[in-house]
Amino acid sequence: MLEYDPTQFLGQWEGYQVESVRRLPQGESAERVEIELTPCEGRTGRCCRCGRRVASIHDTVVRQIWELPILGAQTVLRVPRRRLACPRCGPRLERLSWLSPWARMTKRFEESIARLCQVMAVKHVARYFGLGWDQVKGIDKRWLRRKLGPVNLGEAEVIAMDEFAIQKGHRYATVIVDAMNKRVLWIGRGRARAEIRPFFELLGPEGRSQIKAVAMDMNAGYLEEVRAQCPAAEIVYDLFHVVARYGHEVIDRVRVDEANRLRHDKKGRQLVKGSRWLLLRNAQNIDRHEDRIRLQDLLAANKTLATVYILKDDLKRLWTFHYPAAATRFWTQWYQRAVHSRIAPLVRFAKNLRAHLATIIAHCRWWLSTSLLEGINNKIKVIKRMAYGFRDEEYFFLKIRAAFPGNAG
């Protein structure tokens with residue numbers, strides 16, 4: 001026989017002791033454990049508002065509180081919840097370290113739900129614990145608010161901003177990140193100049209003056225607002241978005257034009273039409289041998305596509321230079337090759353990019369990882385996909401902030 005009562009060690013509910021434990025069948029596959037607690041004798045409670053110790057009890061009401069499941073069974077505590085007769089605040093609930101005022105779940109249970117919501121969809125967590133979807137989502141949202149708190153904008157000197165889709169129909173939001181520690185600073189609906197202005201208003205004059213560099217895509221609204229709000233900051237266009245625009249404006253356009261030119265050559269036209277992802281993908285990322293052979297055959301057979309494909313890879317090299325003078329010389333050579341190709345979409349892209357040369361060469365002074373904005377976008381897509389979309393915009397933005405808490409130290 002045991003010399004102690006093991007039920008006294010079940011939950012360690014401060015201020016209470018276990019009076020009884022019952023296991024009740026609820027059906028074929030689910031069971032329920034009810035634990036009845038009683039207040040420890042001689043204990044004075046603390047007012048949940050002012051925190052002072054109060055000996056006088058105003059009233060007591062037994063509440064059912066959900067606790068973490070025990071041995072696979074849903075677990076409910078029957079807790080005599082006391083209201084103290086606080087001389088300063090009046091009748092107030094007793095402050096408990098393991099239970100928030102008016103809560104129907106222990107803090108331990110709520111934290112476990114929130115932790116699971118980091119890696120699982122809300123509906124799966126709800127199904128696992130036998131709770132409602134709205135109940136689980138509310139718990140996770142409140143937990144994220146408490147955990148994240150207000151954002152500290154005072155230390156940001158180098159920031160990155162990017163847009164991401166939040167709904168179908170070209171609905172976008174903007175995320176702004178501290179590029180040095182990968183911490184989300186601000187998220188707001190829209191991508192227009194006026195829609196990102198609230199971030200700079202939150203920074204204030206002192207915060208705006210300490211911004212030294214801003215990494216972004218080729219969004220004219222971003223560019224104009226940053227130059228107006230932080231005139232001393234240097235703009236840095238990142239590789240990921242410039243190459244993505246090259247793929248859309250040059251490779252896609254040239255591929256369509258070549259397919260139309262070959263409309264009487266069924267085999268050749270089919271080869272060009274089905275080559276989009278081969279042309280956009282990095283050569284080192286093409287794993288299948290047959291795909292590499294297809295790409296080689298395509299480039300050998302079509303000089304125009306070969307030219308834009310080679311110049312795409314060469315354009316990426318511009319972001320490998322550490323010295324502005326060397327980067328400028330390389331750009332001049334690339335630009336001359338692009339213009340002399342006489343491929344209309346390529347020439348047009350090169351001339352447009354020339355107007356932004358300073359923002360590209362700036363990467364030599366601000367060696368920002370081009371994977372940062374790409375990683376942000378990919379992580380946001382994973383969050384959306386895991387949740388099957390978000391109906392609550394504030395909750396979605398909290399999930400994004402939680403995904404980029406910043407590097408420690």
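This is a predicted model: local features need pLDDT of at least 70, side-chain atom pairs count only at pLDDT 80 or more; totals for chains, interfaces and linings use all residues.
Colleague: Let's turn to H6. How are H6 and H10 oriented to each other?

Modeller: Helix H10 spans residues 303-316, and its axis comes within 10 Å of that of H6. The two axes cross at roughly 175°. Since an angle over 145 degrees counts as roughly antiparallel, H6 and H10 are therefore roughly antiparallel.

Colleague: How many nonpolar residues does the contact of H6 with H10 have?

Modeller: On the H6 side the contact includes Leu239, Val242, Val243 and Tyr246, and on the H10 side Leu305, Val308 and Leu311 are among the residues involved. Charged residues take part too, including Arg255 and Glu258 of H6 and Lys312 of H10. By class there are four charged residues and one polar, and the nonpolar count is 11.

Colleague: Nice. What is the orientation of H3 to H15?

Modeller: H3 runs over residues 133-148 and H15 over residues 393-403, with axes 10 Å apart. They pack at an angle of about 50°, and H3 passes H15 in a left-handed crossing. That angle makes the orientation of H3 to H15 oblique.

Colleague: How many charged residues are in the contact of H3 with H15?

Modeller: From H3 come Lys137, Asp140, Lys141, Leu144, Arg145 and Leu148. They meet Glu394, Tyr395, Leu398, Lys399, Arg401 and Ala402 in H15. By class, this contact has five nonpolar residues and no polar ones, and the charged residues number seven.

Colleague: Now the cysteines. How many disulfides does the count come to?

Modeller: A disulfide needs a pair of cysteine sulfur atoms within 2.5 Å. By this rule, the count is zero. For cysteine 50, the nearest cysteine sulfur is that of cysteine 89, at 3.7 Å, so by the 2.5 Å cut-off the number of disulfides holding cysteine 50 is none.

Colleague: Last one: is cysteine 117 buried or exposed?

Modeller: Buried means under 20% relative accessible area. Cysteine 50, at 28%, counts as partly exposed. Cysteine 117 has 1% relative accessibility, and therefore counts as buried.

How values were computed. Residues are numbered from 1 along each chain as its sequence is written. Side-chain values use heavy atoms; hydrogens and water are left out. Buried means under 20% relative accessible area, exposed over 50%, partly exposed in between (1.4 Å probe, protein chains only). Axes are lines fitted to C-alpha atoms, for helices over the stretch in contact, and angles run from 0 to 180 degrees between N-to-C directions. Helices (H or I, at least four residues) and strands (E, at least two) are DSSP runs, numbered from the N terminus. Angles under 35 degrees count as roughly parallel, over 145 as roughly antiparallel, 65 to 115 as roughly perpendicular and the rest as oblique. A crossing is left-handed if the near helix is turned anticlockwise from the far one by less than a right angle, and right-handed if clockwise. Contact means heavy atoms within 4.5 Å.
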